[in-house]
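User: I am new to this structure and would like to learn how to read its features. Please take me through them one at a time.

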Amino acid sequence: MIDRKELGSWMEGPPGDPEYVPGSALGLPAQGSGSVAGFGRRVLSMLIDWTLTVAISMLAFDYDPLATLLLFAALNVLFLTLFGATPGQFVLRLRVLPVSRRTPMVLRALLRTAAMMLILPAVVWNRDTQPLHDVIAGTAVIRI
């Protein structure tokens with residue numbers, strides 16, 4: 001028989017260290033410049049990038065779904081490789097920073113974008129508030 005106490009502990013979420021600071025395992029500060037970006041700013045930056053991509057697709061490709069998706073991927077890879085941030089991240093003062101391994105940024109950008117396009121890695125996050133596509137690429141989105 002399931003005890004009410006067991007059900008309550010399940011509803012409270014997985015056990016964790018209440019004093020753990022997201023980003024500390026990556027060597028990032030708890031707050032301010034260089035700290036891990038929050039969920040809201042990350043989603044808003046992606047929406048800005050998607051809006052820009054849709055506008056370009058409407059002008060150049062008659063809003064073809066495949067063209068829009070490829071433009072979004074190209075925008076991510078190009079801007080992350082050249083500037084370390086997409087246009088939406090620039091606006092919100094965010095940057096993609098390498099946090100593990102010694103891999104050129106172009107490979108990180110390709111890995112990160114390919115994983116993000118699969119959707120599932122973008123919605124699975126670790127305790128450092130790092131989505132799976134960032135874990136795969138060895139990157140973190142930080143505040144600047």
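User: What should I know about the model and its numbering before starting?

Analyst: This is a predicted model, in which local features need pLDDT of at least 70 and side-chain atom pairs count only at pLDDT 80 or more, while totals for chains, interfaces and linings use all residues. Residues are numbered from 1 along each chain as its sequence is written, and side-chain values use heavy atoms, with hydrogens and water left out.

User: How many helices and strands are there in the protein chain?

Analyst: Helices (H or I, at least four residues) and strands (E, at least two) are DSSP runs, numbered from the N terminus. The protein chain has seven helices and two strands. Along the sequence their pattern is α-α-α-α-β-α-α-α-β.

User: What share of the residues counts as buried?

Analyst: Buried means under 20% relative accessible area, exposed means over 50%, and partly exposed lies in between (1.4 Å probe, protein chains only). Of the 144 residues of the protein chain, 34% count as buried. Accessible areas come from the Shrake-Rupley method with a 1.4 Å probe, and for residues only the protein chains shown count as cover. The protein chain exposes about 9,100 Å², and carbon and sulfur atoms supply 69% of that area.

User: How do I read contacts in the protein chain?

Analyst: A contact means heavy atoms within 4.5 Å. Taking the contacts in the protein chain with a separation of 6 or more, 62% are between residues 24 or more positions apart.

User: How many salt bridges does a search of the whole structure find?

Analyst: Side chains of opposite charge can pair when their charged atoms come close. The cut-off for a salt bridge is a side-chain nitrogen of Lys or Arg within 4 Å of a carboxyl oxygen of Asp or Glu. The search finds two salt bridges. In one of them, Arg-42 pairs with Asp-134, with the closest N and O atoms 2.7 Å apart. Arg-42 is in helix H2 (residues 39–61) and Asp-134 is in helix H7, so this pair ties together parts that are 92 residues apart in sequence.

User: Which residue forms a salt bridge with Asp-134 at 2.5 Å between the closest N and O atoms?

Analyst: That residue is Arg-112. This pair links distant parts of the chain, with Arg-112 in helix H5 and Asp-134 in helix H7, 22 residues apart.

User: Is Asp-134 buried or exposed?

Analyst: Asp-134 counts as buried, at 0% relative accessibility. Arg-42 is buried at 10%, and Arg-112 is buried at 4%.

User: What does Arg-112 touch, apart from residues up to four places away in sequence?

Analyst: Its contacts include Arg-42, Asn-76, Leu-80, Gln-89, His-133 and Asp-134.

User: Where is Thr-113 placed, and what is it in contact with?

Analyst: Thr-113 is in helix H5 (residues 105–117). Thr-113 is buried, because its relative accessible area is 3%. A polar atom of its side chain lies 2.8 Å from the backbone oxygen of Ala-109. Leaving aside neighbours within four places in sequence, Thr-113 is in contact with Ala-73, Asn-76 and Val-77.

User: How many aromatic pairs does the structure hold?

Analyst: A pair of aromatic rings is described by the distance of the centres and the angle of the planes. Rings of Phe, Tyr and Trp (its six-membered ring) pair if their centres lie within 6.5 Å; planes under 30 degrees apart count as stacked, over 60 as edge-to-face and the rest as tilted. The structure holds four aromatic pairs. One of them is the tilted pair of Phe-79 and Phe-83, at 5.5 Å centre to centre and 45 degrees between the planes.

User: Why are Phe-79 and Phe-83 separated by about one helical turn?

Analyst: Phe-79 and Phe-83 are separated by about one helical turn because they are four residues apart in helix H3 (residues 65–83). Phe-79 is partly exposed at 22% relative accessibility, and Phe-83 is partly exposed at 45%. Ring pairs link Phe-79, Phe-83 and Phe-90 into a cluster.

User: Which residues make the nonpolar surface patch?

Analyst: Patches are made of residues with over 30% relative accessible area and no salt bridge, where like charges are joined within 9 Å and nonpolar side chains (Val, Leu, Ile, Met, Phe, Trp, Tyr) within 5 Å. Here Leu-111, Ile-119, Leu-120, Val-123, Val-124, Leu-132, Val-135 and Ile-136 make a nonpolar patch of about 670 Å². Helix H7 (132–137) and helix H6 (120–123) each supply at least two of its residues. H7 gives the most, with three residues. Ile-136 lies in helix H7 and is partly exposed, with a relative accessible area of 36%.

Methods
Polar contact = N/O pair within 3.5 Å; in protein donor to acceptor, adjacent residues only side chain to side chain.
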